[in-house]
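Student: Hi! Could you walk me through a structure today?
Tutor: Happy to, here it is.

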Amino acid sequence: VFDDSATGMVSRDSLGGEHAIAPGGLHWTLAGRGVMHDEFPAEPGREAHGLQIFVNLPTDQKLRAPLVMRLGAGQMPRRRGEGWQAVQVYGADTGLELPWSTSLVLVDIEAGAAFDITLPEGEQGFAIAIHGSGHTDELSLPTGLALSLPVGSSARIVADEALRLACFCGRPLFEPVVRHGPFVMSNEGQVVAALQRFQSGGMGRLSPRSIPRTASNNKDTLS
């Protein structure tokens, strides 16, 4: 959930957890062999602003036990440079025991300032303009556009106006991906087994939730 979000989020899951996610916080549901979960704004009628990110697991970890990892805004490492400041949301030195080498950095760049992205060896990534606009030597980067960063690449991004970037990177798995609905596995047999676990209750159950509605907005949203 972004630190400028009007409200936080709540995440509940079939492991029995119900977790508040304050603005600026990270909630990571590592699904493994399967877990049901449900996220919604902490205050009905108010819009939460953030990112929902899906990270593929290596084949040998797709059937591991599900778990939840969390970081508050105050636990995330921060650094500053000339005209920019960055928050390490996950990966690197955040202390989370991630299943694979991957990271996310949120960077706020002042108008006219520049930020240099250099990927770790063997990793690829992308950078999304969350709000504001900027450019590289060859490409404009308006709000909502993503810049692809192949293995071994780097980029200097100059902000045309105040710019927030979400910079992702990770080590490629080079493994097959088979997807059916919310299930992402390495082969069709794993997908069939996941469907059977879901239908038989092997991923747990979630009871319907009841949330007070407001007259002005009766939709739960994550933008």
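This is a predicted model: local features need pLDDT of at least 70, side-chain atom pairs count only at pLDDT 80 or more; totals for chains, interfaces and linings use all residues.

Student: How many disulfides does a search of the whole structure find?
Tutor: The search finds zero disulfides, a disulfide being a pair of cysteine sulfur atoms within 2.5 Å. For Cys-167, the nearest cysteine sulfur belongs to Cys-169 and is 8.8 Å away.

Student: And is Cys-167 buried or exposed?
Tutor: Cys-167 is buried, at 9% relative accessible area. Buried means under 20%, exposed over 50%, and partly exposed in between, with a 1.4 Å probe and protein chains only. Cys-169 is buried too, at 11%.

Student: New topic: how many residues of β1 are buried?
Tutor: Five of the five residues in strand β1 (residues 9–13) are buried. Strands are DSSP runs of E, at least two residues, numbered from the N terminus. Met-9, Ser-11 and Asp-13 point one way, while Val-10 and Arg-12 point the other way.

Student: Which strands pair with β1?
Tutor: Strand β2 (residues 18–21) runs antiparallel to β1 and is joined to it by four bridges. Strand β4 (residues 37–41) also pairs with β1 in the antiparallel sense, over five bridges. Two strands pair if DSSP finds at least two bridges between them.

Student: What are the bridge partners of Met-9?
Tutor: In β2 the partner is Ile-21, and in β4 Met-9 partners Pro-41.

Technical notes:
Residues are numbered from 1 along each chain as its sequence is written. Side-chain values use heavy atoms; hydrogens and water are left out.
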